[in-house]
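Hi everyone, thanks for coming. Have a look at the model on the screen, and I'll talk you through a few spots.

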Amino acid sequence: AELGVIVIMFTAGMETNLDELKASGAVGFLVALTGVIVPLGMGAGLMFIFDENATFASAIFVGAVLTATSVSITVETLKELGKMSTKVGNTILAAALIDDILGLICLTLITGIAGEDVNLVLVMIKIVCFFVFVGAAGVIYYKYMVWSDRVQAERNLRRYPVIGFAFCFFMAWAAESLFGVADIIGAFAAGMIIALSPKGQYIASKFDTIAYLLLTPIFFANIGLEVVLP
């Protein structure tokens, strides 16, 4: 199931139009900000209304829980509708990705209110370092693929999907383990990097089968297994 959600975001990255995503940045940020503030405020307010014993920390915690979104399900829905590369689709995707970052900041603030020793400045530095790392990794991967494409030409094409998948796992691991960002964001970044490199389309075509045949259904089946009906 974990591999399934990583592959969903990886393939989404390879299908994303980077120019459209950048153009949707301002609107996406506004949508993401609204998607965090409204659930946070309403969740905290309703907690105070319906629970007379609620504290400020507990109310904010309930509001923060309601801000959580599933980027992977959003992406899969857009792909199924064929709206992944549209203006609306890119706005939704940009908002979902930004929402994850804002959610991380929100969670850090809440743990600080609860008395945990969490440094918000350190979290922000890690997020900035993550994007710098993505840029550096993208440049290195692109140059390697250009060199490999020139040296290997059309021989042994099977190595390219393997290298791409390994790069996806590396970026997912680095995002979560080194920078505290969700692994799916790292996988998405890997997909966008690969899409801009030589053999990007070839690599993307090889992942459609494994994603739809095995890994994506397992991810959604796992979600169904975890649902507890009243």
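So, out on the surface, Ile73, Phe220, Ile223, Val227 and Leu229 make up a nonpolar patch, together about 430 Å² of accessible area. A patch here takes residues with over 30% relative accessible area and no salt bridge, joining nonpolar side chains (Val, Leu, Ile, Met, Phe, Trp, Tyr) within 5 Å and like charges within 9 Å. Areas are Shrake-Rupley with a 1.4 Å probe, and for residues only the protein chains shown count as cover. Phe220 belongs to helix 10, residues 200-226.

Quick note: this is a predicted model, where local features need pLDDT of at least 70 and side-chain atom pairs 80 or more, while totals for chains, interfaces and linings use all residues. Residues are numbered from 1 along each chain as its sequence is written, and side-chain values use heavy atoms, leaving out hydrogens and water.

Now helix 9, residues 183-195, which holds Ala187. Is Ala187 buried or exposed? Ala187 has 0% relative accessibility, so it counts as buried (under 20%; exposed is over 50%, partly exposed in between). Leaving aside neighbours within four places in sequence, Ala187 is in contact with Ile6, Met9, Phe10, Cys168 and Ala172, contact being heavy atoms within 4.5 Å.

Asp183 lies in helix 9 too. Asp183 is buried yet has no salt bridge, meaning a Lys or Arg side-chain nitrogen within 4 Å of an Asp or Glu carboxyl oxygen. Its nearest side chain of opposite charge, Lys126, is 15 Å away.

Conventions:
Helices (H or I, at least four residues) and strands (E, at least two) are DSSP runs, numbered from the N terminus. Buried means under 20% relative accessible area, exposed over 50%, partly exposed in between (1.4 Å probe, protein chains only). Lys and Arg count as positive and Asp and Glu as negative; His and the chain ends are not counted.
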